[in-house]
Amino acid sequence: MSYFTHLECSRCAQTYDLNVPQNLCTECGKPLFPRYALAKIAQDWDKSSLSDREASMWRYAELLPVIDPANIVSLNETMTPLLPTQQLAASLGIEALWVKDESRLPTGSFKARGLAMAVSKAKELGLTKLAIPSAGNAATALSSYAAQAGMEAHIFMPQDAPPFNRNTCQLAGANVTLIDGLITDAGKIVAERKEEEGWFDVSTLKEPYRVEGKKTMGLEIAEQFNWDLPDVILYPTGGGTGIVGMWKVFQELETIGWIDAKRPRMISVQSVGCAPIVKAWQEGATEAEPWTNAQTTAAGLRVPQAVGDFLILDAIYQSGGAAIAVTDDEIQEAMATLATHEGVLACPEGAATVAGLCKLVATGEIQPENRVVLFNTGGYQA
Ligand SMILES: Cc1ncc(COP(=O)(O)O)c(C=O)c1O
Ligand SMILES: [Zn+2]
């Protein structure tokens, strides 16, 4: 049984039919959110039922948008571990610090969550040709899930995207176009060509389901913390879909009565070479200006403009969080710190959260008694 009732604009609340493929709100151009019959879920669903379910993101079916489970396209999106750190926590003087290790997911990164959901919904809606602008890992994830579903994947990514991403997309038989530009330029090409080519645009937050896949990170954290959320979450932010998804599902969980009103401080970590959200937060703005000359070795953070900027900022402001930028050198150092202290082989984006944490501990913004979760969003790639 599905509790998914409709789609709703995250800005103007205009509603949309869930049986039709949708992109952005046609009234105001902002992202659409799936909405659920939460009162009914609260009546029907008990936490205890989770103990019998598979350890994957699909265990939260009541709060997910797939209507017929036969449409799920899966490579086994396993629940990811919350690794307790000891030496790292001790070196920072924090009592309780965990790494949520997303590198275990299919295709090597957390992008699997969003694309597993988007491709499953594409199947449910009868779509067969999907196009994506990507900084890298989302392209790898789409290529694999589209291959599994027997769909076409049309990939547009920067020519200097990580070789792992370029190679894996080709290996999975996707149509890959490397462009002289960034993810935002790739997005423009998809937007220009999609109608003529018959492609469905699965740009993050420009279709309503990747965010629902990403929100399962928040569901897992809530469950892993026994429905008492941690004090601080640090998340490496590009398009910000993870922050937006976690923030959305915390509200859903409160509405169904599984958690209380307490929220983690949501901390967005970016690179000094591309920090539109940090700049907007420092200025107290509710939207971010596009970043010019974006440059960083953390490819996933090279996102000069995010369609969900106002949603990311909203989560930061409402949670009393922060946004912080770190340098590429600090990211490199943090990769070594994670490996030597904890044996965790992180991607640069994940390591960026360690660098951000060091700074926030030094300034006293994160205190020793805070329970802190860092997101390692993907595995180390040579
Ligand atoms: C490894 C990694 N971490 C973080 C990000 C940023 O994620 P989001 O777009 O959810 O902000 C990306 C995006 O490409 C990524 O590949
Ligand atoms: Zn709208």
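How many residues of domain 1 are in contact with how many residues of domain 2? In this predicted model, 20 residues of domain 1 touch 19 residues of domain 2, where contact means heavy atoms within 4.5 Å. Local features here need pLDDT of at least 70, side-chain atom pairs count only at pLDDT 80 or more, and totals for chains, interfaces and linings use all residues. Residues are numbered from 1 along each chain as its sequence is written, chains are lettered from A and ligands numbered from 1 in the order written, and side-chain values use heavy atoms, with hydrogens and water left out.

**Domains**
- An automatic or database assignment gives domain 1 (4-61), domain 2 (82-109 + 210-376) and domain 3 (111-201).
- Between them, domain 1 and domain 2 bury about 1,800 Å², 71% of it on carbon and sulfur atoms; buried area is the accessible area (1.4 Å probe) lost on putting two parts together, summed over both.

**Around ligand 1**
- Ligand 1 is surrounded by 16 residues (a heavy atom within 4 Å), and the closest are Lys214, Tyr235, Gly238, Gly240 and Thr377.

**Polar contacts (N or O pairs within 3.5 Å)**
- A polar backbone atom of Gly240 is 2.6 Å from an oxygen atom of ligand 1.
- A nitrogen atom of ligand 1 lies 2.7 Å from a polar side-chain atom of Thr377.
- For Lys111, a side-chain N or O atom is 3.3 Å from an oxygen atom of ligand 1.

Conventions: Polar contact = N/O pair within 3.5 Å; in protein donor to acceptor, adjacent residues only side chain to side chain.
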